[in-house]
Amino acid sequence: MWSDRSVRRVVLARFISRVGGEAAFFVGIWGKAAFDLEATPGQLAVVMAALGVASLIGASVAGVLIDRYDPRRVLIWSEVLFAPTALAMVFTDTIPTLAVATFMLGLVGAPVFTAITSFAPFLTDNQDELARVNGLIEGASWTAFIVGPAAGAVIASTVGVDGIFVLDAVTSAVGAALVVGVTLRSLPERGESHGGLAELRDGLGFAYGHDRLRFYIWLGSSVWLLFGFFSALEPLFFRDVVGVEVETLGWVNSLIGLGLVGGTLLSSRLPVGLRTARTLTVLVGLNALGVVAYVGTGRLLVVMIAGVVWGALIGVLVPLHRTLIQINTPDDLVGRIMGVNQMHSEVGHLVPLAIAPALAARYGVQATMLASGLVAAAAALAGWRGATRLDRTRVVEVPAPVIPDPDAEPRAAGH
């Protein structure tokens with residue numbers, strides 16, 4: 001698949017754009033809030049809530065637009081709008097202005113992510129190739145996870161935190177330019193378009209009414225809930241528990257990125273026999289152990305090593321989760337179903353923000369983060385029986401017959 005020009009362009013665009021995005025999130029927004037503006041847990045939660053609410057709105061709109069037009073056009077225009085929005089972050093000097101600017105960043109940034117996660121089915125309809133394309137795109141994302149925070153750390157320690165937002169604007173513009181030359185595969189003509197809300201309801205109805213999609217989306221939501229606790233508390237963990245400076249956020253997250261890349265490479269090579277609901281459920285459960293290792297001690301060396309291992313687990317999980325959703329989604333609903341999945345991600349990030357500050361104030365940042373691992377453990381235990389049932393009834397794609405059958409279904413019946 002790497003020999004395909006369009007795949008190369010999408011992967012490269014994802015890498016370049018996300019380098020700026022990762023630097024901006026892990027060192028720019030977190031660093032500016034926690035270190036420059038000395039945010040409390042409650043104030044950091046407000047900033048993250050602004051990002052989450054805006055991202056939820058952006059993801060829901062993007063899903064409809066992707067199915068109505070295509071992911072290429074949505075990605076290009078979202079990146080074009082993102083660049084000046086990122087530059088506006090430079091002028092924030094209080095928590096309220098940072099929250100407003102972060103809201104705008106999430107509003108235009110969520111369609112970028114929804115579009116890129118919807119690209120693979122527009123490039124291939126073969127299940128094995130779909131897994132590889134998702135692996136390449138996710139591998140580019142995680143490689144950017146290494147480079148971006150490290151670049152943010154260098155900029156923060158030399159130019160200053162605001163320089164990171166300039167980088168974010170430039171990488172978005174380059175990403176948009178790369179995607180212009182992408183060629184998408186021909187898809188069946190869509191039926192008559194209805195209103196945006198009606199199309200969104202169609203996507204929600206299909207996602208929640210489809211046994212497999214409903215399971216995968218809700219199981220993934222448990223991981224987003226876990227990450228929601230971390231988005232509210234992780235910079236405070238480094239500041240107050242580990243006791244390090246702002247640039248350490250970048251270096252540690254770059255190490256996590258090494259694990260993410262390794263896990264993604266493994267995920268793209270998983271045999272069909274392991275591309276299952278049970279494998280996904282085990283990976284969700286292992287996230288609980290990742291939390292314990294990562295925040296259990298507060299010792300920087302342990303945090304760094306645990307970050308690599310935990311990153312590898314997430315690197316296997318995310319592309320597998322996305323592929324299982326996509327192979328069960330009709331072509332004309334890809335954008336909306338991925339939008340629903342992204343909406344669950346944003347809600348998962350938002351919910352902990354309502355309780356994380358209070359829990360951290362009562363029990364401490366470290367204890368609250370450790371307890372958040374119970375979310376993943378409980379989801380894995382609760383989902384195991386359903387995962388077993390889905391795997392026993394799954395249909396595996398078989399090679400097409402030599403003589404084409406005009407009555408055959410264009411896609412497999414799901415697995």
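How are α6 and α7 oriented to each other?

**Entry 1. Basis.** I worked from a predicted model, in which local features need pLDDT of at least 70, side-chain atom pairs count only at pLDDT 80 or more, and totals for chains, interfaces and linings use all residues. Residues are numbered from 1 along each chain as its sequence is written, and side-chain values use heavy atoms, with hydrogens and water left out.

**Entry 2. α6 and α7.** I looked up helix α6 (residues 127–158) and helix α7 (residues 162–179), and found that they pack at an angle of about 135° with their axes 8 Å apart. Helices here are DSSP runs of H or I with at least four residues, numbered from the N terminus. Axes are lines fitted to C-alpha atoms over the stretch in contact, and angles run from 0 to 180 degrees between N-to-C directions. α6 and α7 are therefore oblique to each other; angles under 35 degrees count as roughly parallel, over 145 as roughly antiparallel, 65 to 115 as roughly perpendicular and the rest as oblique. α6 passes α7 in a right-handed crossing, meaning that the near helix is turned clockwise from the far one by less than a right angle. For the contact (heavy atoms within 4.5 Å), I noted A151, G152, I155 and A156 in α6 against G163, I164 and L167 in α7. The residues of this contact of α6 with α7 comprise five nonpolar, two polar and no charged. Ala, Val, Leu, Ile, Met, Phe, Trp, Tyr, Cys and Pro count as nonpolar, Asp, Glu, Lys and Arg as charged, and the others, Gly among them, as polar.

**Entry 3. α9 and its partners.** I next examined helix α9 (residues 211–242), whose axis comes within 12 Å of that of α12 and crosses it at roughly 160°. α9 and α12 are therefore roughly antiparallel to each other, and their crossing is left-handed. Among the α9 residues that meet α12 are W224, F227 and F230, while the α12 side includes W310, I314 and H321.

I then turned to α9 and helix α14 (residues 356–363), which pack at an angle of about 55° with axes 10 Å apart. α9 and α14 are therefore oblique to each other, with a right-handed crossing. F229, A232 and L233 in α9 meet A356, L359 and A360 in α14. The contact of α9 with α14 holds six nonpolar, no polar and no charged residues.

**Entry 4. Cavities.** My search of the whole structure returned four cavities of 30 Å³ or more. On a 1 Å grid over the protein atoms alone, a cavity is a set of points where a 1.4 Å probe fits but cannot get out, and lining residues have an atom within 4 Å of a point. A volume is the space filled by probe spheres set on the points, which are joined across faces, edges and corners.

The largest cavity holds about 1300 Å³ of space. It is lined by 50 residues, of which R18, E22, F25, F113 and H349 are the closest to its centre. Helix α1 (residues 5–36) gives the most to this lining, with 10 residues. I noted 26 nonpolar, 15 polar and nine charged residues in the lining of the largest cavity.

The second largest cavity holds about 50 Å³. A131, S267, S268, R275, P319, L320 and T323 line it. The elements giving two or more residues to this lining are α10 (247–268) and α12 (300–326); the largest share, three residues, comes from α12.

Methods:
1 Å grid on protein atoms, 1.4 Å probe; cavity = no way out; pocket = protein on both sides within 12 Å on 5 of 7 lines; lining within 4 Å.
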